[in-house]
Amino acid sequence: MATEEIAVASAEGVATITLNRPDALNAFPPQLHRELADALKQAERDAAVRALVITGAGRAFRAGQDLKALGEIPPLGESMGLDRLLRSTYNPLILRLRSIEKPIIAAVNGVAAGAGFSLALACDLRVAADSATFTLAFNRIGLVPDSGAMYFLPQLIGVGRALELAWTSRSLSAQDALAPGLVTRVVPRDSVLAGAQALAAARARGAGKALGLTKRGMSRGLTADLETMLDYEADLQEVASRTTDFREGVAAFKEKRPPGFTGA
Ligand code: LHQ
């Protein structure tokens with residue numbers, strides 16, 4: 001479902017979802033999470049979509065929660081229900097991103113702050129514009145990192161570096177995000193979307209089921225022991241080996257030609 005603020009365009013097996021509130025640096029009011037979740041659901045179900053790109057319109061990727069749409073902060077001692085807000089909007093969105101068995105690439109075109117940083121972290125890969133910056137802005141306004149930032153960031157860059165970014169709320173440049181593997185590629189601002197789409201299109205031509213199962217397995221590996229993972233890999237391999245793409249992959253190898261995968 002495409003709306004004005006969540007635009008969706010598809011080409012070459014890639015659905016590109018654009019967060020489109022450039023005047024607010026693509027900061028979201030809560031209800032937009034549902035629209036983004038719907039767009040993701042549609043891309044997940046559409047067999048013609050084999051990879052996704054998420055980007056922002058204008059000069060920002062996303063500045064997190066729309067702080068102007070938060071409403072009045074209640075008197076001390078009263079709850080404003082941020083726990084409920086997170087559980088009903090942000091959390092399902094992050095879980096959906098992780099459960100979609102298709103590659104999801106963030107084209108980080110500019111600043112990614114607060115839950116915007118978290119959104120980029122919940123994608124599988126990040127391609128960043130050379131002008132992009134990453135800011136865990138939460139502590140600066142007296143909140144804690146949310147939307148999975150405290151899960152993904154320590155895994156990617158280690159606890160010490162993650163804590164330093166959280167406590168200082170400092171801005172990390174795309175170039176500095178490259179070395180610890182937070183982003184996979186830094187490209188000129190003008191080519192960030194095309195670069196992410198090209199990466200996604202290449203994955204869209206891959207053995208889709210195997211790619212999806214690999215995403216599922218890698219996520220599981222973060223919390224499982226070796227014995228469990230060896231067993232899980234065996235299950236996933238059994239599923240992968242029942243696909244047409246596995247047959248095509250082996251045939252292409254033997255015939256010394258590039259494979260023509262269909263995702264089936
Ligand atoms: C914004 C925002 C914004 C509204 C820029 N909201 N308008 C979860 C659960 C519940 C509650 C709270 O939060 C969360 C999760 C979170 O995401 S908490 C963290 C929320 N995000 C932030 O704290 C980041 C706030 N923004 C910034 O620090 C800066 O704007 C950044 C570093 C992103 C960009 O700085 P600049 O490039 O200098 O741009 P700017 O500050 O001049 O912003 C441009 C416009 O965008 C401006 O509007 P205006 O009408 O004055 O021109 C800002 O007010 C607006 N904007 N972020 N989150």
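This is a predicted model: local features need pLDDT of at least 70, side-chain atom pairs count only at pLDDT 80 or more; totals for chains, interfaces and linings use all residues.
Visitor: Which polar side-chain atom lies 2.8 Å from an oxygen atom of the ligand?

Guide: That atom belongs to Lys-68. A polar backbone atom of Ala-63, for its part, is 3.0 Å from a nitrogen atom of the ligand. The protein covers 68% of the 1000 Å² of accessible area that the ligand has on its own.

Visitor: Which elements give two or more residues to the shell around the ligand?

Guide: They are helix 2 (82-99) and strand 6 (111-113). Helix 2 provides the largest share, four residues. By class, 16 residues of the shell are nonpolar, three are polar and six are charged. Of the 25 residues around the ligand, those that come nearest include Arg-59 and Arg-140.

Visitor: Why is strand 3 described as largely enclosed by the rest of the structure?

Guide: Six of the six residues of strand 3 (residues 51-56) are buried, so the strand is largely enclosed. The cut-off for that word is under 20% relative accessible area. Ala-51, Val-53 and Thr-55 point one way, Leu-52, Ile-54 and Gly-56 point the other way, and all are buried.

Visitor: How do you know that strand 2 and strand 3 pair, and in which sense?

Guide: Two strands pair if there are at least two bridges between them. Strand 2 (residues 14-19) and strand 3 have six bridges, in the parallel sense. Val-14 has Ala-51 as its bridge partner, and Leu-19 has Gly-56.

Visitor: With which strand does strand 3 pair over four bridges?

Guide: The partner is strand 5 (residues 104-108), again in the parallel sense. There, Thr-55 stands opposite Ala-107.

Visitor: Are the residues on the two faces of strand 2 buried or exposed?

Guide: Val-14, Thr-16 and Thr-18 on one side and Ala-15, Ile-17 and Leu-19 on the other are all buried. Strand 2 is thus mostly covered, with six of its six residues buried.

Visitor: What do strand 1 and strand 2 form?

Guide: They form a hairpin with two residues between them, and Glu-12 in the turn has a positive phi of about 50 degrees. Strand 1 (residues 6-11) pairs with strand 2 in the antiparallel sense over six bridges, and Ile-6 stands opposite Leu-19.

How values were computed:
Residues are numbered from 1 along each chain as its sequence is written. Side-chain values use heavy atoms; hydrogens and water are left out. Buried means under 20% relative accessible area, exposed over 50%, partly exposed in between (1.4 Å probe, protein chains only). A residue is near a molecule or strand if one of its heavy atoms lies within 4 Å of it. A polar contact is a pair of N or O atoms within 3.5 Å; within protein, one must be able to donate a hydrogen and the other to accept it, and residues adjacent in sequence count only if both atoms are side-chain atoms. Accessible areas come from the Shrake-Rupley method with a 1.4 Å probe; for residues, only the protein chains shown count as cover. Ala, Val, Leu, Ile, Met, Phe, Trp, Tyr, Cys and Pro count as nonpolar, Asp, Glu, Lys and Arg as charged, and the others, Gly among them, as polar.
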